[in-house]
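Here is a friendly walk through one protein model, with a few spots worth a look on your screen. Please have the viewer open as you read.

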Amino acid sequence: MKPDYIFWVALAAYAFHILEEYSYDWKTWSQKIMKLDMDWNTYYVMNIAVLFLGFSCAEVGWSHPTFSLIFPAAMLVNAMIFHIIPYVRSKRKFSPGMFTAIFLFLPLGLGSYKVAMELGVFTKALVISGVCGALVMAFPVFLLKTKNLDFFKP
């Protein structure tokens, strides 16, 4: 039996991550520390989109690991780029979501790739999923950074 459950556990972890970010006000933190033009509606929509991705990846499971591993890859990128690195760069200013990033995202993300390697998933699939996971996390930032450009205004 292939351990598809790891993708469902990752989805649940992401839900807890959103709860931590919301409770400790990641939106305001991201405005101050990361200089993101974030409001609560944008935060909600972006997280709903990520949850849909997570649900899709969990549903597909190991039948298409290149796709399914995008979610754990996105979790790893999220942990590093949106929590751990900004925490260090801001001289240890707490990043809302950092606890779940460290204690859930890192173990589940790395564990998913470990399972993939044990199942014999090709290196090409691992790399593609990793790049796609990074793109998934970069896309919302791209949207935030470009939304006020004249080209995108009605």
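Leaving aside residues up to four places away in sequence, Ser68 touches Phe7, Cys57, Val60 and Gly61, where contact means heavy atoms within 4.5 Å. The side chain of Ser68 also reaches the backbone oxygen of Gly61 at 2.5 Å. Ser68 belongs to helix H4, residues 65–68; helices (H or I, at least four residues) are DSSP runs, numbered from the N terminus. Ser68 has a relative accessible area of 0%, so Ser68 is buried. On this scale, buried means under 20% relative accessible area, exposed over 50%, and partly exposed in between, using a 1.4 Å probe and protein chains only.

A word on the basis of all this: the model is predicted, so local features need pLDDT of at least 70 and side-chain atom pairs count only at pLDDT 80 or more, while totals for chains, interfaces and linings use all residues. Residues are numbered from 1 along each chain as its sequence is written, and side-chain values use heavy atoms, with hydrogens and water left out.

Next, the aromatic rings. The structure holds 15 aromatic pairs. Rings of Phe, Tyr and Trp (its six-membered ring) pair if their centres lie within 6.5 Å; planes under 30 degrees apart count as stacked, over 60 as edge-to-face and the rest as tilted. Two of the pairs are set out here.

| Pair | Distance of centres | Angle of planes | Class |
|---|---|---|---|
| Phe94 and Phe99 | 5.3 Å | 40° | tilted |
| Phe151 and Phe152 | 5.0 Å | 90° | edge-to-face |

How accessible are these residues? Phe94 is partly exposed at 30% relative accessibility, and Phe99 is partly exposed at 45%. Phe151 is exposed, with a relative accessible area of 74%, whereas Phe152 is partly exposed at 44%. Elsewhere, Tyr22, Trp26, Trp29, Trp40, Tyr43, Tyr44 and Phe82 form one aromatic cluster.

Finally, turn to the largest pocket, whose volume is about 160 Å³. Its lining consists of Thr42, Val45, Met46, Ala49, Val50, Val136, Phe139, Pro140 and Leu143. A pocket here is an open set of points on a 1 Å grid where a 1.4 Å probe fits, with protein on both sides within 12 Å along at least five of seven lines, and lining residues have an atom within 4 Å of a point. Helix H3 (40–60) and helix H7 (123–146) each supply at least two lining residues, and H3 gives the most, with five. By class, the lining has eight nonpolar, one polar and no charged residues.

Terms used. A polar contact is a pair of N or O atoms within 3.5 Å; within protein, one must be able to donate a hydrogen and the other to accept it, and residues adjacent in sequence count only if both atoms are side-chain atoms. Grid points are joined across faces, edges and corners, and a volume is the space filled by probe spheres set on the points. Ala, Val, Leu, Ile, Met, Phe, Trp, Tyr, Cys and Pro count as nonpolar, Asp, Glu, Lys and Arg as charged, and the others, Gly among them, as polar.
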